Amino acid sequence: MKITKIFTGDLGDSFFQDIEIPLVEQGAIGFLSENIAVTKLQIRKVRADYDYDFHCAPQRQYIVLLDGGVEIETSRGERRKFQAGEILLVEDTFGKGHRTKNLQKRERTSLFIHI
């Protein structure tokens, strides 16, 4: 399964990296990853006009987009769009950070899974 990581480089800039989470067939229940240790789960809803200027993640976390999409911009100006169902691994807890805004003018819900 492909997910996108956002991380801080040596000079403080944020970058995207596509990473693969291996899944192993487990018969009738489908394909599973190895267990991933997590510490907390938060549910978040943002307003329709969500447009959050450059910021760092408060902790290393997975973000699961439940509905609606976002555009994320790195500190170097690279932009990517992510849709409902996609998973991000956000690790830019220091440096210049990233910018996030809703793709559509509607409330959006996501999960923050702290690691």
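Is Glu107 buried, partly exposed or exposed? Glu107 is partly exposed, with a relative accessible area of 48%. The points below concern a predicted model.

1. Salt bridge of Glu107. The partner of Glu107 is Lys45, and the closest N and O atoms of the two are 3.7 Å apart. Glu107 belongs to the loop between strand 11 (98–102) and strand 12 (108–114), while Lys45 belongs to strand 5 (residues 40–46), so the pair ties together parts that are 62 residues apart in sequence. Lys45 counts as exposed, at 53% relative accessibility, whereas Glu107 is partly exposed.

2. Salt bridge of Asp13. In total, the structure holds 10 salt bridges. One of them joins Asp13 to Arg76, with 3.6 Å between the closest N and O atoms. Because Asp13 sits in the loop between strand 1 (2–8) and strand 2, and Arg76 in the loop between strand 8 and strand 9, the contact ties together parts that are 63 residues apart in sequence. The two ends of the pair may be described in turn: Asp13 is buried, its relative accessible area being 10%, and Arg76 counts as exposed at 57% relative accessibility.

3. Strand 8 (residues 70–74) and strand 9 (residues 79–82) are paired in the antiparallel sense, over 4 bridges. Among the residues involved, Glu71 has Lys81 of strand 9 as its bridge partner. The two strands form a hairpin with 4 residues between them, and Gly77 in the turn has a positive phi of about 95°. Arg76, the partner of Asp13, lies in this loop between strand 8 and strand 9.

4. Salt bridge of Asp51. The side chains of Asp51 and Arg99 form a salt bridge, at 3.2 Å from N to O. This pair links distant parts of the chain, with Asp51 in strand 6 (residues 51–55) and Arg99 in strand 11, 48 residues apart. Asp51 counts as partly exposed, at 42% relative accessibility. Arg99 also counts as partly exposed, at 28%.

5. Lys5 and its surroundings. A network of salt bridges links Lys5, Arg60 and Glu91. Lys5 also lies over the face of Phe7, at 5.3 Å from the ring centre.

6. Aromatic pairs. The count of aromatic pairs comes to 3. For Tyr50 and Tyr52, the ring centres are 6.2 Å apart and the planes stand at 50°, so the pair is tilted. That angle falls between the limits of 30 degrees for stacked and 60 for edge-to-face. Tyr50 is buried, at a relative accessible area of 15%, while Tyr52 counts as partly exposed, at 44% relative accessibility.

7. Nonpolar surface patch. Met1, Leu23 and Phe31 make a nonpolar surface patch of about 300 Å². Leu23 is located in the loop between strand 2 (14–20) and strand 3 (24–25).

Terms used:
Residues are numbered from 1 along each chain as its sequence is written. This is a predicted model: local features need pLDDT of at least 70, side-chain atom pairs count only at pLDDT 80 or more; totals for chains, interfaces and linings use all residues. Side-chain values use heavy atoms; hydrogens and water are left out. Two strands pair if DSSP finds at least two bridges between them. Rings of Phe, Tyr and Trp (its six-membered ring) pair if their centres lie within 6.5 Å; planes under 30 degrees apart count as stacked, over 60 as edge-to-face and the rest as tilted. Buried means under 20% relative accessible area, exposed over 50%, partly exposed in between (1.4 Å probe, protein chains only). A charge sits over a ring if NZ of Lys or CZ of Arg is within 6 Å of the ring centre and within 35 degrees of the ring normal. Patches are made of residues with over 30% relative accessible area and no salt bridge: like charges are joined within 9 Å, nonpolar side chains (Val, Leu, Ile, Met, Phe, Trp, Tyr) within 5 Å. Accessible areas come from the Shrake-Rupley method with a 1.4 Å probe; for residues, only the protein chains shown count as cover. A salt bridge is a side-chain nitrogen of Lys or Arg within 4 Å of a carboxyl oxygen of Asp or Glu.
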